[in-house]
Amino acid sequence: MTTLAPPAERVEPRTITRGRRGGSVAWMALPALGMFLAFGVIPLLGVLALSFSSWNGIGEITPAGFASWRAVLTDPGLPHALWVTFLVMALSWAVQTPASILIGAFLAGHQRYRGFLAVLYFIPLLLSSAAIAITYKALLDPNFGLGAGLNMPFLAQDWLGEGTLAMGVVIFVVSWQFIPFHSLIYQGGVRQIPTSMYEAAQIDGAGRVRQFVSITLPQLKYTIITSSTLMVVGSLTFFDLIFVLTAGGPGDATRVLALDMYKRGFQANLMGPASAIAVILVLIGLVLSLLLRRLGGRDADASQMEGA
Amino acid sequence: MDRRHFFNLALGAGAGAVLAGCGSSGPSGGPGGGAGAGAASYWFLTGDPGETIRKASVDRFNKANSDSKINPTAFQNDAYKTKIKTAIGAGQAPTIIWGWGGGTLRSYVQSDQVEDLTSWFADNSAVKDRLFPSSFAAATVDDKIYAMPCETVAPIVLFYNKEVFDKVGAQPPQSWADIMALVPKFNAAGVAPFSLGGQSRWTNMMWLEFLYDRIGGPEVFQAAFEGEKDAWSNPASIEALTKVQQLVKANGFIKGFSSITADSNADQALLYTGKAAMMLHGTWTYGSMANDGGDFVSGGHLGYMNFPPVEGGKGDPSNTVGNPGQYLSISSKATDEQKEIAKKFFATQVLSDAEVKEWIDTGNVPIVNGSESKMSGSKDADFLKFVYGIASNAKSFAQSWDQALSPTAAEELLDNIAKLFQLSITPQQFAASMNQVIGK
């Protein structure tokens, strides 16, 4: 019964504010909108304009029509970068989601030792991507790294110098870095599930696994969508970690779209094609997040509490 | 949110952008310039001994000129290459731009970003006549001089670890066939034949530079540089590319070379710790190997030689490649006052006697005529004379390819070189990709 009360209270004041304080609330959105326009929309328009021009980064910007787009779309490097980006996205999602849900459900318990473990799990979240990449790069060095130091030959693989292994390392490090964050989201999600459901299930004789599959997972539906959106869209912009770890190498084995954009723009001085890739990145990100919202049904923002 | 609010915001953001634009095109700007409006800024590379010597020169200048100051800022090599381009494009260039000349300098010139120093050198012929004449080629674009050559001449040479050679009972290679014969010998002894910082990519490029030269002579790359159609498909080019892939396939390079960066000096560490027997690298690495390698250099364990000839090749074995000098340009966006400070710095402190001594003391050959007379007393006299000999006897001293080419072509080149060493493309595919960026 207690769980029913809060949503009922929350609905009522909303209808009152809409009538009385609507103007002032819209005004309060201005700073956020201003930031969004200045640092989101305007640069985006700039990039769109740049993708139809030719610029080497230092000289004059000259209009070039569709030349940059033609160069990018006919470059065999683009499908490859798209494929690598997709691989990173899919694999890191497939590794992170189950691990995060399990850890999140585990940490949702209120036992004291779990609180202690939670602190340990969240440590990677405190480190910057560049620091993580530099550390892993040093640890995985086949000649001076962990394998050579501990004299364990199986650790002395050419981790970052062999295409498939390097991709595996990237997925591992990405997961290592972000699983704590998504566990935190799932921990919150699991704690929101009303205990009455578990109590009812227990009375019906459901075991722990059954409770997890039949109550926890379905109740986490929207949390999974939120977390997946963050993972999928976030993986489009992986740059710092991969740049420091492998620089897109060996060859172009881990060259994701964001890295391809950087290399074209800032190393090859081709700002036009680089901007075209940036536009492609934005479009893919928009389409993916829309798709994920669709997956969650029309009312993804609605409350998932019981009765809602 | 109604429409009026939106418009106010858009206007506000627009005005903000305009204001920001004013700020960045302002004259004295640049992250380096903090100490006063009139101060000039100067960006250069980190990494000793160069970093300390560059700072010392600036300090001497600032001490001697209390009214005009230079603020130095140092950046890591690979980061600097990006940073300086971005800064110049954004109108935030430092007054004094450190660089490698060649194709990058040309791109600055084409965008009117650097000062024409031709007349200044004509007025100050004493400054010009002190320096190696060969160092001016990479500072010259369309017969005008846009940079002051500075610092040292740094050819690429073949370093080797004498201790490792003694242990294995091998002799330094005298030909390409010797190299290929040494590879299984060292591998059998558990030592990598060659150290290589392959993630930096220009490190791999040094191998191609020498193979192209030894097989086909300097004309092969020159043709590509000058825009001759399909120049990369030259048979000598294909042979060089094939040979380097044979070396990769024979495990000629250290395990994991494609994830080692040169900026971390890990490639040098492999040589002086005896994990690798040889390393093809610029002579600028001598100073850091002396610093970090314990008694590796001081104990006489470091051997060095020019790259050996390739059987049946056309290139003169005295030829070399590398950096004929480093280069200082003046940003055309700087104020007149800053430009004057920079020119005064060029005339009075760049390669001053004190700086020349510092370069020699750290095992480098400054590009000043007659500096060989000062080398005899140095503890590194043998190495210095070796480098001086290579630089002055070379029939052809080619500039590093990635510096000579335009940034666009250089990036394509480095990209393809990385794939070539990864064996993910064939020599023919390499040539086909590179032919497409000829003249770009």
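In chain B, strand β3 (residues 96–99) and strand β12 (residues 326–330) pair in the antiparallel sense over four bridges. Helices (H or I, at least four residues) and strands (E, at least two) are DSSP runs, numbered from the N terminus. Two strands count as paired if DSSP finds at least two bridges between them. Within this pair, G99(B) stands opposite Y327(B) in β12(B). The model is predicted: local features need pLDDT of at least 70, side-chain atom pairs count only at pLDDT 80 or more, and totals for chains, interfaces and linings use all residues. Residues are numbered from 1 along each chain as its sequence is written, while chains are lettered from A and ligands numbered from 1 in the order in which they are written.

Both β3 and β12 belong to an open sheet of five strands in chain B, with the order β2-β1-β3-β12-β6. The pairing in this sheet is mixed. Its edge strands are β2 (70–75) and β6 (148–150) of chain B, each of which pairs on one side only. On average, neighbouring strands of the sheet are turned by 25° against each other, direction ignored. Strands of a sheet pair through backbone hydrogen bonds, either parallel or antiparallel. Helix α2 (residues 50–64) of chain B lies across β1 (40–45) and β2 of chain B. The helix runs at about 170° to β2(B). Axes are lines fitted to C-alpha atoms, for helices over the stretch in contact, and angles run from 0 to 180 degrees between N-to-C directions.

The domain assignment of chain B gives domain 1 (31–151 + 325–369) and domain 2 (154–322 + 400–436). Such bounds come from an automatic or database domain assignment. The C-alpha centres of the two domains of chain B lie 29 Å apart. Contact joins 15 residues of domain 1 of chain B to 14 residues of domain 2 of chain B. Two residues are in contact if their C-beta atoms, placed from the backbone, lie within 7 Å. On the domain 1 side, α3 and α4 of chain B are the elements that give two or more residues. Of these, α4(B) gives the most, with five residues. The residues of that side divide into two nonpolar, 10 polar and three charged. Ala, Val, Leu, Ile, Met, Phe, Trp, Tyr, Cys and Pro count as nonpolar, Asp, Glu, Lys and Arg as charged, and the others, Gly among them, as polar.

The contact between the chains takes 36 residues from chain B and 31 residues from chain A. On the chain B side, the elements that give two or more residues are α1 (3–25), α3 (77–89), α4 (102–110), α12 (266–272) and α18 (407–421). The largest share, seven residues, comes from α1(B). This side divides into 13 nonpolar, 17 polar and six charged residues.

For chain A, the UniProt annotation "transmembrane region" (unreviewed entry) covers six spans, including residues 159–179 and 230–250. UniProt positions are given in the numbering used here, feature names are shortened, and annotations may be inferred rather than shown by experiment. Residues 159–179 of chain A are 81% helix and 0% strand, with end C-alpha atoms 22 Å apart. Residues 230–250 of chain A are 62% helix and 0% strand, with end C-alpha atoms 28 Å apart. UniProt also lists residues 82–292 of chain A as "domain: ABC transmembrane type-1" (unreviewed entry). That span is 75% helix and 0% strand, and its end C-alpha atoms are 19 Å apart.

The model scores ipTM 0.76 and pTM 0.80. Mean pLDDT, the predictor's confidence in each residue from 0 to 100, is 83 for chain A and 84 for chain B. Over residues 1–36 of chain B the pLDDT is below 50.
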